[in-house]
Amino acid sequence: MADKPPANLQAAERIASMLGASSHPVVVIGAVALAAHRYPRFTEDIDLGILATQADMRRLTDSLRAEGFDAEFHQPNAEDPLGGVIDVSGPFGLVQLINFEDRFPAIIHDALAGADIRVRPDSPLRIVPIPQLVALKLYAGGWKSHADIVELLRRNPDADLEKIRETCRKYRLSGFDRVLADLSD
């Protein structure tokens, strides 16, 4: 008999199934995606990238509540690089639905198209591919994101650096050359 997955993973899978059924597929981003790509680090939540209008985010929050989740929608302001976040919490911990629709939809579209790694067999949760994960980290900015990229690439020496560079160029993101310089140190 297979081990039962952790409660937060079960909740994230349930949420992903609900959202996929409502035409809002999600992709795993953040620390869980880093771990799937050989760079495990501590996290207390599961981050899911989504594309949804602000009205959809409010409806999804209501749907999650109707399914028994504690859900709170944090609307973005003009300076926010994200299109809003829904915090879904409960005894399982926290699952965050991070919306990129109004800010950076191409990255989630491309991640969904290329995501072929699942959290576990038969899971609805797919992991963001390395090029888009690097791009998301560059988009987030900051020293921690930079350090995450360096360590991610150290642990994935077979990663296609040219494909990552092309991905970053496509999204007009800078900083990948600095990552490569730190990687070679």
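Is D110 buried, exposed or partly exposed? In this predicted model, D110 has a relative accessible area of 22% and is partly exposed. The value lies just on that side of the cut-off, because buried means under 20%.

D110 forms a salt bridge with K170, and the closest N and O atoms are 2.6 Å apart. The two residues come from distant parts of the chain: D110 sits in helix α4, which covers residues 105-114, and K170 sits in helix α7, 60 residues apart. K170 is exposed, at 54% relative accessibility.

The structure holds 13 salt bridges in total. Another of them pairs D148 with R41, with 2.9 Å between the closest N and O atoms. Here helix α6, which contains D148, is linked to the loop between α2 and β2, which contains R41; the partners are 107 residues apart. D148 is buried, with a relative accessible area of 1%, whereas R41 is partly exposed at 27%. This pair also belongs to a network: salt bridges that share partners join R41 and D148 with K137 and K144.

The loop between α2 (30-36) and β2 (45-50) also holds R38. The side chain of R38 meets that of D158 in a salt bridge, at 3.5 Å from N to O. D158 lies in the loop between α6 (143-154) and α7 (161-170), so this pair again links distant parts of the chain, 120 residues apart. R38 is partly exposed, with a relative accessible area of 46%, and D158 is exposed, at 60%.

Methods
Residues are numbered from 1 along each chain as its sequence is written. This is a predicted model: local features need pLDDT of at least 70, side-chain atom pairs count only at pLDDT 80 or more; totals for chains, interfaces and linings use all residues. Side-chain values use heavy atoms; hydrogens and water are left out. A salt bridge is a side-chain nitrogen of Lys or Arg within 4 Å of a carboxyl oxygen of Asp or Glu. Helices (H or I, at least four residues) and strands (E, at least two) are DSSP runs, numbered from the N terminus. Buried means under 20% relative accessible area, exposed over 50%, partly exposed in between (1.4 Å probe, protein chains only).
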